[in-house]
Amino acid sequence: MLAGRRVLLGISGGVAAYKAAYLARRLIEAGADLEVILTDGAQQFVGKQTLAAIAGRPVHTRLFDGLSASPHTDLARWAEIIVVAPATANFLARAALGEGSDLLSATLLASKAPRLFAPAMHTEMWEQPATRRNSDQLVADGVHLVGPIQGALTSGDHGTGRMVEPDEILAEVIRILGPGDMAGLSVLVTAGGTREPIDPVRYIGNRSSGKMGNAIALDAARRGANVILITSAEAPDHENIAVVEVESAQQMADAAWSSLEGLDVAVMAAAVADFRPGRTSDTKMDRSAGPPTLAMEPTPDVLAGVAERSPETYLVGFAAEVGPLDRAIDKAKRKKVDLLVANDVSRPDSGFGTDTNQVMLVTPDGHRDVWPTMSKAEVAHRLWDTVLERR
Ligand code: PMT
């Protein structure tokens, strides 16, 4: 239901925080990728260790944790949805004001993701004109509120103010996130670098780690697309990704060209060898025979084959340049792509093996869009936004 969807759960300081532990478990069971923020107040009610054990990773508590330069913006960019359960009267007031003095409120301020708050408090607090104003303001600001409902409250009281049950919050998360804006699309992504054998133990390869292609495949899968990932590198695990492992350019071409039926978009992020040894030795070449001379021959152009065989597929090529990206403008025309993503692989923040990339998008008519350096995950996300807009 939520396979791979990135859910940030914020827990503020009310008794219902104990139910947030169960909500965290239900989100994990639904397949969500979960991060948790506990406010100081929440830690009076539930322990960090409990939530960390459920989420399978450490929880976040501090705006200035000394570990990340900017934990609130990192979490804000990561989250597809921010759920706050329970949301106390104090939390609602600060959120309505746009106040950002702790990690949870600062993350909310830094995020454009949908927000879902599950208020929990005593009836008098919920009915206070100030709380009414705050919740009205939050709804006007686009926040989804679920509950509170009538029922047993702390101290033996009864009335409106009880947090809705975790399963109801889970259902709201599923409803809000929906099937994803790429649901129903069939996409192909190539990733990693090819290996062209010289003999049974040696090959000609390149420095591609597969990170860029993997990020593109994963983002599409999380947005609901059916993804075929043809790769020579370790692939991400997601139920929407079918992985085809290959080594050589020929294997990549065969795999790609046999996957074109009904294909909506192809993104060719792999670093494919342009040449391979014309002959491969069946036995390990012996040093005592002296240095061999390798006669090279061209490999198949995987991308060109996709363009030729499936003209209706929206085709995105990559261009690995060393130095200025101007050469990519001509490549965008020559390669018969709908969009070309050029990166300078000689930069320390771009290209092979890095976690970030600085790219320029080029269209065949010569239009250029230079993006700042960002994580490969963000490049992937923005690239799909662009493809969805243009196709
Ligand atoms: O994997 P990472 O470590 O994260 O690094 C990412 C990356 C640098 C590999 C990636 O961002 C990138 O630039 N990929 C394209 C590398 C490349 O082969 O560029 P090119 O300019 O040589 O090729 C242009 C396009 O033709 C590419 O889409 C390529 O996949 C395709 N091609 C090239 C040769 C060939 N025989 N068949 C092809 O399909």
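Figure 1. In total, 30 residues surround the ligand, each with a heavy atom within 4 Å of the molecule, and the closest are Ser-208, Ser-209, Lys-331, Asn-343 and Gly-353. Because the model is predicted, local features need pLDDT of at least 70 and side-chain atom pairs count only at pLDDT 80 or more, whereas totals for chains, interfaces and linings use all residues. Residues are numbered from 1 along each chain as its sequence is written, and side-chain values use heavy atoms, with hydrogens and water left out.

**Figure 2. The salt bridge between Arg-26 and Glu-29 in helix 1.** The closest N and O atoms of Arg-26 and Glu-29 are 2.7 Å apart, where a salt bridge is a side-chain nitrogen of Lys or Arg within 4 Å of a carboxyl oxygen of Asp or Glu. Both residues belong to helix 1 and are separated by 3 residues, about one turn of the helix; helices (H or I, at least four residues) and strands (E, at least two) are DSSP runs, numbered from the N terminus. Arg-26 is partly exposed at a relative accessible area of 21%, as is Glu-29 at 44%, with buried meaning under 20%, exposed over 50% and partly exposed in between (1.4 Å probe, protein chains only). Arg-25, Arg-26, Glu-29 and Asp-167 are linked in a network of salt bridges, and a search of the whole structure finds 28 salt bridges.

**Figure 3. Salt bridges of Asp-181 with Arg-223 and of Asp-199 with Arg-202.** The side chains of Asp-181 and Arg-223 meet at 2.9 Å, N to O. This pair links distant parts of the chain, 42 residues apart, with Asp-181 in the loop between helix 8 (166–177) and strand 8 (186–191) and Arg-223 in the loop between helix 9 (211–222) and strand 11 (226–231). Arg-223 is buried, with a relative accessible area of 5%. In the salt bridge of Asp-199 with Arg-202, the N to O distance is 2.4 Å; Asp-199 counts as buried at 2% relative accessibility, whereas Arg-202 counts as partly exposed at 34%.

**Figure 4. The aromatic pair of Phe-91 and Phe-117.** The count comes to 1 aromatic pair, under the rule that rings of Phe, Tyr and Trp (its six-membered ring) pair if their centres lie within 6.5 Å, with planes under 30 degrees apart counted as stacked, over 60 as edge-to-face and the rest as tilted. Phe-91 and Phe-117 are edge-to-face, 5.0 Å centre to centre with 75 degrees between the planes. Phe-91 in helix 4 (residues 89–97) and Phe-117 in strand 4 (residues 115–119) are 26 residues apart, so that the pair links distant parts of the chain. Both residues are buried.
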